[in-house]
Amino acid sequence: MAMAFKMATTGIWVTDECKNSFMEMKWKKVHRFIVFKIDEKSRLVTVDKVGGPGEGYDELAASLPNDDCRYAVFDFDFVTVDNCRKSKIFFIAWSPTASRIRAKILYATSKDGLRRVLDGIHYELQATDPTEMGFDVIRERAK
């Protein structure tokens, strides 16, 4: 497995699959969302789940575990008040209150490194429960 980028502060590596999947989402629109996880044993950030173009925000929210941290990117398509179609990519740092302290620290310290690898993110959300990253929050931020 080829390693793409090492996040210097934590010693965590981001796999090529993460960057490639993100680029496919950004440019080819073949994914609606991508969920990433950190494998603590191998020290790798890997793709946990990919949502197809027909899937939406509800599927993304359902794919985030209630008791473990994840990162996610979501491609939000919308129409402006001027009737223009736009797309904004959201980065979500998911850290539910029920997750382990060690996982919360690892995800918090590794977040900026992953963000640097995923070039083209417009907005960032940090959420500890679903209300902090609700669809209405995303819609409001994208305006």
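Biologist: What makes β3 (residues 33–39) and β4 a pair of strands?

Modeller: 7 bridges join β3 to β4, and the two run antiparallel; DSSP needs to find at least two bridges for two strands to pair, so β3 and β4 qualify. Strands here are DSSP runs of E with at least two residues, helices are runs of H or I with at least four, and both are numbered from the N terminus. In this pair, Asp39 has Leu44 of β4 as its bridge partner. The model is predicted: local features need pLDDT of at least 70, side-chain atom pairs count only at pLDDT 80 or more, and totals for chains, interfaces and linings use all residues. Residues are numbered from 1 along each chain as its sequence is written, and side-chain values use heavy atoms, with hydrogens and water left out.

Biologist: Why is β2 (residues 12–15) said to pair with β4 (residues 44–51)?

Modeller: 2 bridges join these parallel strands; at least two are required, so the pairing holds. Trp13 has Leu44 as its bridge partner in β4.

Biologist: Which residue of the β3–β4 hairpin takes a positive phi?

Modeller: Arg43 does, near 65 degrees, in a hairpin with 4 residues between the strands.

Biologist: What makes a set of residues a nonpolar core?

Modeller: The members are buried (under 20% relative accessible area, 1.4 Å probe, protein chains only) and are Ala, Val, Leu, Ile, Met, Phe, Trp, Tyr or Cys, joined through side-chain atoms within 4.5 Å. The largest such core has 23 residues, and Phe22, Phe36 and Phe91 are among those that touch the most other members. The helix α3 (101–117) gives the most to this core, with 5 residues. Another core, of 17 residues, lies apart from it and includes Phe33 and Leu64.

Notes:
Buried < 20%, exposed > 50% of the residue type's maximum accessible area, 1.4 Å probe, protein only.
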